[in-house]
Amino acid sequence: MSLPKSQTAVFVQEIGKPLVVGTRDVPTPKSHHILIRVQSTMLLPHDTYGRDKGLFFGDKLPYILGTNIAGTVVSVGSAVENFILGDEVFGLGSPLSPAPDESGLQQYALLDAECSAKIPSGYDFDQMVSLPVNATASFAALFSEEGFGFPTPGSKKAEWDPKSETILVIGGGSNVGKIALQFGKLIGLGKILTIASASNTSALKGLGATHVIDRHQTSPEIQAQIKDIVGSEGLSKIYDCVSWEHDMALSLFSPDKPGILLGLHVVDEAKKTIAERKLNVKATMILGSFMQPHTKAFWESLPSWVANGDLVIGKYKAIEGFNLPAIEEGLDLYRDGKPVTPVVVHPWGTA
């Protein structure tokens, strides 16, 4: 098929300023890339931080938001063997790319073929586009060597009993937290605690949580409830999906055994606190690079986890076309700390 030379896109032109619509060239796939006609892109918290603070691309303006991307393959790189023209796919873009070729708020985008998969039968672009960032983050947290290092789903480790393991997921009601609960359930962890809204207790237990601690309680109340569940030993594995400061998490670790604190935001202050208090805790911010050497197996398995019901698709709201007020509102919800239903943008829709 004949492709256009230029396309419409939404740009961050100045940090902290409103988004603007403009045009740019349609990118050409390198050897390992596929070019897709973007049908859906989901906006996430890091997109808000990118718009407001320049996270990832502040020195590369103008730039484009959207790392969760789904669409139809229209061109393939010379080394790509697992996709052909017309395949309906979803994948992980990259806000670290020098140019915004791997970003979703445009009509055509590149995806790394290794970080993409075909949409399973019975599912659509909008459903699957909710997964790439959140699923890779929580997979890296639970299964990478830099994270908790659990055996990956389907693999076995001699003399390891998953029922003996306990984790705490702070922010289990978030989309990324929900996926962590489901991965924990998938491998059969014994205790999967989460701090979340008590109103979501039934839903979160359905996803895998064994205990839901109400986030609206005071810190001493939360600490006491967790102690009742895990005993005096405390916790050794905490995955914080939402917090920018980690005093609460650090107060929950065992005083006697090594601990691992994983976060999705910077953990520099946590590291200072750990040093000051002489805690035996390692704090790590989860990075996409932690996926290796699991990337290939992860993307091969992700569609089947969804099709088999191991991962449940969360709620979302669709925006037709580059409706800037609606897109800005969707980003603002993350900034303002309000309950968020993530937005999925359809670049080819009519605003």
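Q: Which residues does Ser254 touch, not counting residues up to four places away in sequence?
A: Ser254 touches Glu233, Gly234 and Leu235, where contact means heavy atoms within 4.5 Å. This is a predicted model, in which local features need pLDDT of at least 70 and side-chain atom pairs count only at pLDDT 80 or more, whereas totals for chains, interfaces and linings use all residues. Residues are numbered from 1 along each chain as its sequence is written, and side-chain values use heavy atoms, with hydrogens and water left out.

Q: Which backbone nitrogen does the side chain of Ser254 reach at 3.0 Å?
A: That atom is the backbone nitrogen of Asp256. The backbone nitrogen of Lys257 lies 3.3 Å from a polar atom of the Ser254 side chain. A polar contact is a pair of N or O atoms within 3.5 Å; within protein, one must be able to donate a hydrogen and the other to accept it, and residues adjacent in sequence count only if both atoms are side-chain atoms.

Q: What makes helix 3 and helix 4 oblique to each other?
A: Helix 3 (residues 132–143) and helix 4 (residues 175–186) pack at about 45 degrees, with their axes 9 Å apart. Axes are lines fitted to C-alpha atoms, for helices over the stretch in contact, and angles run from 0 to 180 degrees between N-to-C directions. Angles under 35 degrees count as roughly parallel, over 145 as roughly antiparallel, 65 to 115 as roughly perpendicular and the rest as oblique. Helix 3 and helix 4 are therefore oblique.

Q: Which residues make the contact between helix 3 and helix 4?
A: Helix 3 contributes Asn134, Ala135, Ala137, Ser138, Phe139, Leu142 and Phe143, and helix 4 contributes Asn175, Val176, Ile179, Ala180, Phe183 and Gly184. By class, the contact of helix 3 with helix 4 has 9 nonpolar, 4 polar and no charged residues. Ala, Val, Leu, Ile, Met, Phe, Trp, Tyr, Cys and Pro count as nonpolar, Asp, Glu, Lys and Arg as charged, and the others, Gly among them, as polar.

Q: How is helix 1 oriented relative to helix 10, and why?
A: The axes of helix 1 and helix 10 (residues 324–336) come within 8 Å and cross at roughly 100 degrees. Helix 1 is therefore roughly perpendicular to helix 10. The contact involves Pro45, Asp47, Thr48, Arg51 and Asp52 of helix 1 with Glu328, Leu331, Asp332, Tyr334 and Arg335 of helix 10. Its residues divide into 3 nonpolar, 1 polar and 6 charged.

Q: What is the phi of Phe56, and where is Phe56 found?
A: Phi of Phe56 is near 80 degrees, a positive value in a residue other than glycine. Most residues other than glycine have a negative phi. Phe56 is found in the loop between helix 1 and strand 4, and its relative accessible area of 36% makes Phe56 partly exposed.

Conventions: Helices (H or I, at least four residues) and strands (E, at least two) are DSSP runs, numbered from the N terminus. Buried means under 20% relative accessible area, exposed over 50%, partly exposed in between (1.4 Å probe, protein chains only).
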